[in-house]
Amino acid sequence: MSAPWFCLTTLYALSWASPPPPGPPIETLENPSAQVLTLEAAVQRATQETQRSKLTQEQEIIAQAATTKARAFFFPTLRVAGNYTHRAFETINETGGRRATIQAKNALFATANIQWTLLDIRGIPLYRAAFSTREAGQLEARNQRRLNGMEAADAFLQTLTAQSVEEAARHRIELAEKNLSVATSLHNAGLVSLNDITRAKLEKANAETSLETAVGVTLTTKLRLATLLDLEWGADYQLLSPEGFLHNAENQKPLAEQPPIEEVLENRLDFLALEQQAQAAKFLAQEPWMRLLPTLSLIGQGRLTNETGLNNRKWDGSVGLELSWTLFDGGLRYGDWREKRAQAQIASIQTELQRRQIRADLQIAFQNMHIAQTTLSQAKATLALAEQNIQETTTLYHQGLTTALQLLDASVQKFEADVNFATQRYALGLALVNLYSVAGMDALGRKVEL
């Protein structure tokens, strides 16, 4: 081997003495003053602290108000009214030495009316329907908070994926600059043609283009994450890779055995809410038949005035019972019954369809999990081969035993292997999040309290 070849080969071997580790070093903090954001913190913030989470809390309050309004059906209604009248003249009647004010110049009049439905069978199914509607609303609100956490976890992992691709693009530029420097040195020594420098410059230009694209994708994913978590856009925060979560997805194989569908349905808040809605529809379908029975009400009235009248009384009152019975309403009750019965049947069918869909989604989620684990294993092997290939090809190129075209191809394959490994690594995390979602858990695999 000639002296120039020996020197250049030695220099390049030293440059590869400490190759970058597989995948981008997301775990290390580039800026110690940056705010660190973990997956757990992102999920907690999305479920408890954002405006979207506060919105679900208000929706839960609205659901609770349903039973309060339905309960009012069983309590009396009390109304109080007052009236003041000013007249130009007053009328007073004297009979047997007694003065009675027929019309006062400043007349005051107050009434109190009470109405209490003592018996109306319709209130029972209506109240039970309202109770089921309240339960459904609360379950939907809690499920929405769970989905907020899922969406935040998805955005978190997507952002880490984009950052990994960006980091791989930066490594590609570093490698392209090294290859360009070596090609220039070899050309100056008269060992390669000018075309080798041209190819090295072309690879560097392609690497810079890939970096610009990756930077744009990273900014987009960070903006989505910041929007979901109510973070200030442009704030200095850094994502910490969830190594424990990814290790769990890769090695421990959580939920390795598919649980029974009934056990999964007990954890699916959306399915439980759908069941409560179907139950409410059944109760509402019972209400039209209750109109065939009479209703009994208590009616009371009190009156207070400064115009005593001929009976010389300032106050008076009455109480009574009212029995009402609608014998025929033109067929309205039967039309309502057919409509509500059909709505109850629709709700029941939707519940069964949701049950079938969850069973299918669970099988698909397990299959996707298995595929993601297998793909990541293959991506690891491909990355190891790509690293070995770039080192061997570079050494051969420096020894004049291969061409610049093969070196360029090895560089591209190394970049693609880096991107594929990072993508598949976080894709496995996304598959685990999806599996947790289908199983009714939160984004971290914890059971959601009912």
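**A walk from the cavity to the salt bridges**

The largest cavity is lined by Ala176, Asn179, Ala183, Asp196, Arg199, Ala200, Glu203, Tyr397, Ala404, Leu407, Leu408 and Ser411. Keep in mind as you look around that this is a predicted model. The lining comprises seven nonpolar, two polar and three charged residues, and helix 4 (123-188), helix 5 (194-228) and helix 10 (404-438) each contribute at least two of its residues. The space inside is about 90 Å³, and a search of the whole structure finds four cavities of 30 Å³ or more.

Let's stay with helix 4, where Thr159 lies. With a relative accessible area of 0%, Thr159 is buried. A polar atom of its side chain lies 2.7 Å from the backbone oxygen of Ala155. Leaving aside residues up to four places away in sequence, Thr159 touches Thr221, Lys222, Leu225 and Leu239.

Now for the charged pairs: the structure holds 24 salt bridges. In one of them, the side chains of Glu60 and Arg145 meet at 3.3 Å, N to O. Glu60 lies in helix 3 (residues 51-71) and Arg145 in helix 4, so this pair ties together parts that are 85 residues apart in sequence. Glu60 counts as buried because its relative accessibility is 12%, and Arg145 counts as buried at 17%.

Another salt bridge joins the side chains of Glu243 and Arg425 at 2.3 Å, N to O. Here Glu243 in helix 6 (residues 243-252) is linked to Arg425 in helix 10, 182 residues apart. Glu243 counts as partly exposed at 29% relative accessibility, whereas Arg425 is buried at 18%. Finally, look for Asp120, Arg122, Glu287, Arg291, Asp336 and Lys340, which are linked in a network of salt bridges.

Terms used
Residues numbered from 1 in each chain as written. Predicted model: local features only at pLDDT ≥ 70, side-chain atom pairs only at ≥ 80, totals over all residues. Heavy atoms only, no water. 1 Å grid on protein atoms, 1.4 Å probe; cavity = no way out; pocket = protein on both sides within 12 Å on 5 of 7 lines; lining within 4 Å. Points joined across faces, edges and corners; volume = space filled by probe spheres on them. Helix = DSSP H or I, 4+ residues; strand = E, 2+ residues; numbered from the N terminus. Nonpolar A, V, L, I, M, F, W, Y, C, P; charged D, E, K, R; others polar. Buried < 20%, exposed > 50% of the residue type's maximum accessible area, 1.4 Å probe, protein only. Polar contact = N/O pair within 3.5 Å; in protein donor to acceptor, adjacent residues only side chain to side chain. Contact = heavy atoms within 4.5 Å. Salt bridge = Lys/Arg side-chain N within 4 Å of Asp/Glu carboxyl O.
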